[in-house]
Amino acid sequence: MSGPDVALELDCRDLPCPMPVIELARHLGDVEVGELLAVVAHDPAAAVDVPAWCRMKAQDYVGEDLADDGAPRYVVRRLG
Amino acid sequence: MTGPAPGVGDLDSASSAPLHPAAREVLLAALDRGYADPRRLHRAGREARLLLDNAREATADALGVRADEVTFTPTGTHAVHLGLLGLVRGSRRGDTVVHSAVEHSAVRHAVAWGARAAEVGVRGDGRVHDGDLVEAAASPEVGVVALQSANHEVGTVQPVGELELPNDVPLFTDACASMGRLPLPSGWAAAAGSAHKWGGPAAVGVLLVRKRARWRNPFPGDDRIDERSTGFENVPAVLAAAAALQAVVAERDEVNTRHHALIDVVRRRVAAEVPDVEVVGDPVRRLPHLVTFSCLYVDGEALVTELDRRGFGIASGSACTASTLTPSHVLEAMGVLTHGNVRLSLQRDASRADVDAFCDVLPGLVAEIRARVGM
């Protein structure tokens with residue numbers, strides 16, 4: 001699909017809250033500063049918790065789009 | 001009786017408070033004296049009627065309203081349904097209800113059942129965008145505006161009395177979270193409260209309808225003393241609820257000052273001693289007894305369970321602890337973290353030792369739950 005140039009996409013489709021945010025935190029260091037990291041999750045809490053995590057951890061929340069299979073995907077830019 | 005005294009370690013008064021001591025004697029006496037049908041003209045009926053009238057007058061007096069504006073309902077939820085939908089039914093305009101995004105589910109369910117919704121967002125601290133609320137109310141299809149007195153999950157007080165609504169749009173206020181603890185705001189046409197949240201018995205709701213309000217019963221009527229009420233009155237329970245309300249109002253200056261300071265302690269200690277935590281809601285303009293915070297990387301259900309094992313009863317708005325398995329719509333609307341959520345609300349006699357005991361235990365517990373997932 002077209003969309004932002006994501007350096008790493010995390011498959012958290014089947015993980016319950018708060019695991020998608022935990023995975024995001026674990027893998028932040030796997031992308032370079034300025035690159036995009038995405039988490040794919042069906043967990044309804046992720047839509048709120050990923051942006052909240054970005055605010056708390058001073059990262060940039062880029063927005064929500066859809067993964068190739070249509071699952072919700074939340075995109076984050078690493079700022080530090 | 002065995003086990004700890006009731007209420008010890010219970011930090012969830014916003015879900016329910018134990019019976020206020022002032023209500024207990026009243027309830028026991030009224031169980032014997034108030035069993036009869038208050039409509040009957042015989043001695044026992046007159047006795048029940050007297051107690052029911054007393055309950056209504058005491059409630060009106062405690063709330064600063066007229067006795068004929070008070071209706072007792074089977075629950076607070078029912079009072080919300082009746083109050084809100086009655087204003088919709090009485091509306092000369094449309095059937096759209098403008099309401100904040102952080103109303104209690106009772107309001108949301110009522111609107112979904114019998115009206116149309118126009119939701120207005122809130123700030124990060126949970127306070128409604130009141131300018132948007134007033135602006136939305138101007139649309140001709142809007143029949144009612146609904147705004148809670150204070151939020152039941154985060155404690156933020158809403159600007160109910162400050163709204164300048166366009167001419168004839170009535171305001172419904174769900175006052176369940178604050179009734180008894182805080183004076184009623186002004187400006188509403190109908191309001192609702194729930195006795196078990198102020199130390200009255202369960203299954204007593206209070207519906208207030210202003211004398212001049214255009215309110216029409218949205219449900220089947222009945223032939224009771226109070227034309228807005230349905231079904232046989234629980235006279236002992238409403239009398240006990242009224243006694244508890246009077247007591248709570250009489251002591252609230254002392255209790256609120258103490259609670260407000262204790263919650264300040266919790267807000268300060270949690271923010272300082274737990275890493276990666278977000279303490280939410282308005283820190284000043286809030287319910288005196290309640291605070292909500294969320295801990296990053298923490299499973300809310302695990303937190304509730306572990307705190308319970310250590311003797312602390314708290315509520316959580318996290319998805320995994322909810323019957324709906326979705327996160328709290330209040331936290332969602334505020335845009336704050338929904339997982340690892342704790343809502344702590346003090347019971348009447350809470351002390352500094354109680355909140356310190358909680359704050360002493362919390363950091364280690366959070367660290368332990370985080371360690372389970374390697375954080």
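## Two chains, from overall build to single residues

Ala58(A) sits in the loop between α2 (46–56) and β3 (60–66) of chain A, where helices (H or I, at least four residues) and strands (E, at least two) are DSSP runs numbered from the N terminus. This is a predicted model, in which local features need pLDDT of at least 70 and side-chain atom pairs count only at pLDDT 80 or more, while totals for chains, interfaces and linings use all residues. Residues are numbered from 1 along each chain as its sequence is written, chains are lettered from A and ligands numbered from 1 in the order in which they are written, and side-chain values use heavy atoms, with hydrogens and water left out.

Ala58(A) has a phi near 55°, a positive value in a residue other than glycine. Most residues other than glycine have a negative phi, and most peptide bonds are trans. Ala58(A) counts as exposed because its relative accessible area is 54%; the cut-offs are under 20% for buried, over 50% for exposed and partly exposed in between, with a 1.4 Å probe and protein chains only. Another backbone feature of chain A is the peptide bond from Cys17(A) to Pro18(A), which is cis, with omega near 5°. Pro18(A) belongs to the loop between β1 (6–11) and α1 (19–27) of chain A.

As a whole, chain A has two helices and four strands, and along the sequence these follow the pattern β-α-β-α-β-β. Its radius of gyration is 11 Å, in agreement with the value near 12 Å that a compact globule of 80 residues would have. That radius is taken over C-alpha atoms, and the globule rule is 2.2 Å times the number of residues to the power 0.38. The C-alpha atoms of chain A fill a box of roughly 30 × 25 × 20 Å along the principal axes. The accessible surface of chain A is about 3700 Å², with 49% belonging to carbon and sulfur atoms; areas come from the Shrake-Rupley method with a 1.4 Å probe, and for residues only the protein chains shown count as cover.

Turning to chain B, its secondary structure comes to nine helices and ten strands. Chain B is as compact as a globular protein of its length, because its radius of gyration of 21 Å is close to the 21 Å that the globule rule gives for 375 residues. The C-alpha trace of chain B spans about 70 × 55 × 35 Å along its principal axes, and 57% of the 375 residues are buried. Of the contacts in chain B between residues at least 6 apart in sequence, 71% join residues at least 24 apart. Chain B exposes about 15300 Å², and carbon and sulfur atoms supply 52% of that.

Strand β7 (residues 205–209) of chain B is mostly covered, with five of its five residues buried. Gly205(B), Leu207(B) and Val209(B) point one way from β7(B), while Val206(B) and Leu208(B) point the other way. Two strands count as paired if DSSP finds at least two bridges between them. Strand β1 (residues 70–73) of chain B runs antiparallel to β7(B) and is joined to it by four bridges, with Val70(B) partnering Leu208(B). Strand β6 (residues 190–194) of chain B also pairs with β7(B) in the antiparallel sense, over five bridges; here Ala191(B) stands opposite Leu208(B).

Helix α3 (residues 76–90) of chain B has 15 residues and reaches 21 Å from its first C-alpha to its last, close to the 21 Å expected, which is 1.5 Å times one less than its number of residues. Eleven of the 15 residues of α3(B) are buried, including Leu82(B), Leu84(B), Leu85(B) and Leu87(B). Thr75(B) caps the N-terminal end of α3(B), with a side-chain oxygen 3.4 Å from the backbone nitrogen of Thr77(B).

Arg269(B), in helix α6 (residues 235–273) of chain B, counts as buried at 16% relative accessibility. Leaving out residues up to four places away in sequence, Arg269(B) touches Val274(B), Asp356(B), Cys359(B) and Asp360(B). Tyr297(B), in the loop between β9 (290–295) and α7 (300–309) of chain B, has a positive phi near 65° and is buried, with a relative accessible area of 7%.

Definitions and conventions:
Polar contact = N/O pair within 3.5 Å; in protein donor to acceptor, adjacent residues only side chain to side chain. Contact = heavy atoms within 4.5 Å.
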